[in-house]
Amino acid sequence: MIKAEMVKKIKGLSEYAKKEGWVFTFDKDESTFFYGPRTIPDDAKLFSVNDEFSVYLSAQHQLRGVVLEYYACNFVEHHEEFKGLFEKIFKSHKDEEVVVDPKNKKNSDIGVFQALFERTLIAEAVGAKIHS
Amino acid sequence: MNDGVDKFCLDIIDYRGKRVVFLEVIRLKKAQKRPELRNEEFINGQLAKAIKYPDLVYEDFERPNERLVYYYREYRKGNETRYTKVVINIKYIPYRVVTAYRPDRIKEDCPKSKSKIIYDKSRDG
């Protein structure tokens with residue numbers, strides 16, 4: 001996929017995620033962070049955007065989710081602005097897998113995290129060298 | 001296969017002769033976010049091959065003393081290379097599969113998350 005197409009998809013992430021009811025999932029066991037539907041569809045395939053994150057795309061190149069491996073020890077370490085919010089929302093949980101729905105309006109931190117996360121992904125994608 | 005909580009969906013010997021199992025309960029848990037793990041053909045095919053005949057094995061970036069990451073190169077088509085990646089917990093006997101999926105690059109070889117390479121088939125195999 002050419003970079004312009006990938007960037008366009010990631011720029012439309014916010015609207016798409018809202019429409020599809022995406023959730024944040026932090027798998028502590030793997031230290032992997034997912035932003036996508038609760039179940040990633042069968043036809044989704046991973047494509048790396050840069051060293052930090054990958055996206056799941058369908059066979060028709062529709063966005064199906066975002067994945068960040070080594071999230072806590074890599075991404076958060078390289079993006080200091082996430083540290084406090086990440087600790088508050090995800091790391092403090094005892095569960096091995098933490099699922100957070102951005103529609104949860106009771107916790108205002110989630111909205112702040114979502115906006116920051118989506119903005120960061122767009123900036124990363126714009127600056128990325130996408131090969132495939 | 002055995003019964004109860006220790007039911008395995010895969011029980012195999014790795015490239016070094018170590019027994020590796022994939023617990024069914026773990027597969028079910030991970031399959032929500034890893035569509036490949038809903039596919040029996042993948043588990044008995046690429047995943048098994050990655051454990052038995054890996055092209056590359058790295059220490060896990062976050063838990064180097066506890067986990068190894070096995071890569072099996074599936075194909076290269078144009079600019080796209082597809083791997084099977086298997087994360088294995090080596091603190092258990094037998095070893096246990098933590099998760100598996102199909103990335104298009106080797107995360108452990110990225111400048112920001114460089115991990116120690118344990119085995120390279122092209123060099124050691």
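This is a predicted model: local features need pLDDT of at least 70, side-chain atom pairs count only at pLDDT 80 or more; totals for chains, interfaces and linings use all residues.
Chain B contains three helices and seven strands, and, read from the N terminus, its elements follow the order β-β-α-α-β-β-β-β-β-α. The radius of gyration of chain B is 14 Å, close to the 14 Å given by the globule rule for 125 residues, so the chain is as compact as a globular protein of that length. The C-alpha trace of chain B extends over about 40 × 30 × 25 Å along its principal axes, and 34% of the 125 residues of the chain count as buried. Of the contacts in chain B that link residues at least 6 apart in sequence, 45% are between residues at least 24 apart.

Within chain B, strand 3 (residues 56-59) is paired with strand 4 (residues 67-77) in the antiparallel sense through four bridges, and in this part of the chain B:L56 lies opposite B:Y71 of strand 4. Strand 4 of chain B is also paired, again in the antiparallel sense, with strand 5 (residues 80-89) over 10 bridges, with B:T84 in strand 5 as the bridge partner of B:Y72. Strands 4 and 5 of chain B form a hairpin in which two residues lie between the strands, and B:G78 in the turn has a positive phi of about 60 degrees.

Between the two chains, 23 residues of chain A are in contact with 21 residues of chain B. On the side of chain A that touches chain B, strand 3 (45-48) and helix 3 (71-78) of chain A each contribute at least two residues, and the residues of this side comprise eight nonpolar, nine polar and six charged.

Notes. Residues are numbered from 1 along each chain as its sequence is written. Chains are lettered from A and ligands numbered from 1 in the order in which they are written. The radius of gyration is taken over C-alpha atoms; the globule rule is 2.2 Å times the number of residues to the power 0.38. A residue is buried if 20 or more other C-beta atoms lie within 10 Å of its own, exposed if 12 or fewer, and partly exposed in between; C-beta atoms are placed from the backbone. Two residues are in contact if their C-beta atoms, placed from the backbone, lie within 7 Å. Ala, Val, Leu, Ile, Met, Phe, Trp, Tyr, Cys and Pro count as nonpolar, Asp, Glu, Lys and Arg as charged, and the others, Gly among them, as polar. Two strands pair if DSSP finds at least two bridges between them.
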